[in-house]
Amino acid sequence: MEKQWFTISVYSENNVGLLNRISGIFLKRHINIESLNVSKSEIDEVSKFTIVVYTTETWVHNIVGQIEKQIEVIRAFYHTDEETIYQESALFKIASNLLFDERQIQNIIKDHNSQIVTVAREFFVLAKTGRRNEINEMYEQLKPFGIMQFVRSGRISVSKEVMQITALLNEFQEQ
Amino acid sequence: METVKEKENSPQKSTALKITGAEAIIHCLLAEGVDLLYGYPGGAIMPVYDELYKFQDKLTHILTRHEQGATHAAQGYARVTGKVGVAMATSGPGATNLVTGLADAQIDSTPMVCITGQVPRHLLGSDAFQETDIIGISTPVTKWNYQITKASEIAEIMAKAFYIAKAGRPGPVLIDITKNAQFEEFEFSYEPCKGVRSYNPVPKPDTKTIAAAAELINSAKRPYIIWGQGVILGKAETQLKAFVEKTGIPAAWTILGASALDTDHPLNVGMVGMHGNYGPNVLTNECDLLIAIGMRFDDRVTGNLDTYAKQAKIIHLEIDPAEINKNVKVDLAVLGDSKETLGLLLPLVNENTHVAWHNEFKKKYKEEFEQVIKNDIHPTKKGLTMGEVIEEINLASKNKAVIVTDVGQHQMIACRYAKFKQSKSNITSGGLGTMGFALPAAIGAKMGAMEREVVAVIGDGGYQMTIQELGVIFQHQIPVKIVVLNNDHLGMVRQWQELFFDKRYASTVMVNPDFVKIAEGYHIEAKRVSERKDLKARVQEMIASDKPYFLEVKVEKEDNVFPMIPSGASVSDIRLK
């Protein structure tokens, strides 16, 4: 079976040890977590893990089963890229003088719809939100001028299909 | 949903009283119906032990000689009673010594609650004396774990621990309690846990799937059942028997499923797996419908997955959704508790006998009997075989004993030849293969079922891994019968070396001590048998004894266990020699 990109979404209780439990499931199977994001979700007191892996559907099915089995996990899903709307964010820190010396940089900022977050005497910071390849493209274009610092976030995504977590939670409680 | 059954006159419920965290732990245990636990004291758990001393009329604590022994004893107790086993240890090495037992209970789905002491809250993370991150260490081998750092958490967390340990597919839970929380005073009240909102332990069976399963079963020409421990954990023995008898489907078992249906039941065709019976393995690849009930297609059961039951449609009755399509792709998954799903299936399936199909199992059994079984249990050669010892235990105990085994050749032989008339009678370390399991597990099994005969069958290797637990048997005069099948080798590894490593016997020869003298050192009656003529009498004497009894049987040094599916081979390539 062919490997592909999958986004795993995990709805869970906000619990200290859970990240350890979840990461152990990947570790045990030698599957690298390509990106990980933990945040609040649309439901009060429910956290959402967004995990990106590059693996086969057999494995991702298996992993999601093991994740969902954890006591504090409410529900876990996996989706292909086509089934989700997803983005990443990146910050570029660049020397301020370049903004004046290298005209091209202004074009790059415009072309990529990126925002200037701050400008200081020594440096300015650009923010870019988009797909991984868009961020990479901007990175490649800025690289020749010198990037002082670069960081990219984990993927965040929402699924195209409806996720009925609240209904599930109610159902659990009724049982 | 299963809920914790509280004792009627429990004073803990709703009456708030100010007590220490340590005392609260005792009240939690009592409220959960615990009257027996195993453990080992130490600095960080001393306040709880102090309370155990005060409550010794209500709660028996058995001091094992090593914390690993405490976990296996708790497991043995849990496996024979179906209740939650409890083990306790201190922080640091006390806690880390629990890891093997936790891993064993996790892979064999045994309900167990382990309680460990921990350094005080303010010392956490300071590398204090006997501090270890037992939560981090035990995470992969527990169903759930939690560190309590304030007394106010105790009641809720302990209730949750017992609930989770036994709900749905059972498993081990570890609760780590910092010492300050044990000393702290607080207003205690106890409510049993009735559910955890993020956890759905028993999926509801889907009637459409049940109907589809019935249809597959009714139209199958060569249907075949393999059941596992899920039948025992789900208390579905009666349903399994009714289902098998109505449909006339030949039924085989995994090692942990043994004893759910009487060994002598005409439709019980034997054991599957690496050293299972010939027919059940070979015919897995000849059935047209495989009905897997409460089993997880372990690699020791399936052999090579690429050639496993490819010709058959497969129905999987299972409580744990994560097991569906994990190893073997199935055509129909029937989620739910096996008692419930089998109960729903029963009225929908047709009566049948499948005589011709059943005869194929009989034919294969005859072949296996001639080539293997006959020589195992009625040997004509000089040396004693493990099989004939098991047969004598069957005869002396009238097939009524609980057989507790360790890991290796003796385990495979015991599981192959021990006969059972009652469920929960085969207690062994199946998934993890933990040498050293049997002796402490037999202590727990006996204490959980004092009315039953409990025979520990152990190899000379595994016996020496937890031999110190003889101290417990002696101190408390626990009438466990211990049979060491001594071949002066690590027999199973030696067998593999013989078959697959050109007889290079690397570190498998054991120079053993005088086991009889060791047992006598613990004042346990002990005998040794080296010749066939003495075997029957000694085994009978052992079973007749109402005291602890040790029997060493010197068996043939280089016997092999057959049939055997070589590692990675297909079930149909099982070797008879």
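Q: What percentage of the 175 residues of chain A count as buried?
A: This is a predicted model. A residue counts as buried if 20 or more other C-beta atoms lie within 10 Å of its own. Among the 175 residues of chain A, the share that counts as buried is 28%.

Q: What is the radius of gyration of chain A, where a compact globule of 175 residues would have one near 16 Å?
A: The C-alpha trace of chain A spans about 65 × 40 × 30 Å along its principal axes. A compact globule of 175 residues would come out near 16 Å. For chain A the radius of gyration is 20 Å.

Q: Of the contacts in chain A with a separation of 6 or more, what percentage is between residues 24 or more positions apart?
A: Chain A has 6 helices and 9 strands. Its contacts with a separation of 6 or more can be split by sequence distance. Residues 24 or more positions apart account for 76%.

Q: Which element gives the most to the side of chain A that touches chain B?
A: The contact takes 21 residues from chain A and 20 residues from chain B. Elements of chain A giving two or more residues include β1 (4-13), α1 (18-28) and β4 (73-80). By class, this side of chain A has 5 nonpolar, 10 polar and 6 charged residues. With 6 residues, the top contributor is α2(A).

Q: How many residues of domain 3 of chain B are in contact with domain 2 of chain B?
A: The domain assignment places domain 2 of chain B at 207-361 and domain 3 at 378-554. Their C-alpha centres lie 30 Å apart. Domain 2 brings 13 residues to the contact; by class these are 6 nonpolar, 3 polar and 4 charged. From domain 3 of chain B, the number is 14.

Methods: Residues are numbered from 1 along each chain as its sequence is written. Chains are lettered from A and ligands numbered from 1 in the order in which they are written. This is a predicted model: local features need pLDDT of at least 70, side-chain atom pairs count only at pLDDT 80 or more; totals for chains, interfaces and linings use all residues. Domain bounds come from an automatic or database domain assignment. Two residues are in contact if their C-beta atoms, placed from the backbone, lie within 7 Å. Ala, Val, Leu, Ile, Met, Phe, Trp, Tyr, Cys and Pro count as nonpolar, Asp, Glu, Lys and Arg as charged, and the others, Gly among them, as polar. Helices (H or I, at least four residues) and strands (E, at least two) are DSSP runs, numbered from the N terminus. The radius of gyration is taken over C-alpha atoms; the globule rule is 2.2 Å times the number of residues to the power 0.38. A residue is buried if 20 or more other C-beta atoms lie within 10 Å of its own, exposed if 12 or fewer, and partly exposed in between; C-beta atoms are placed from the backbone.
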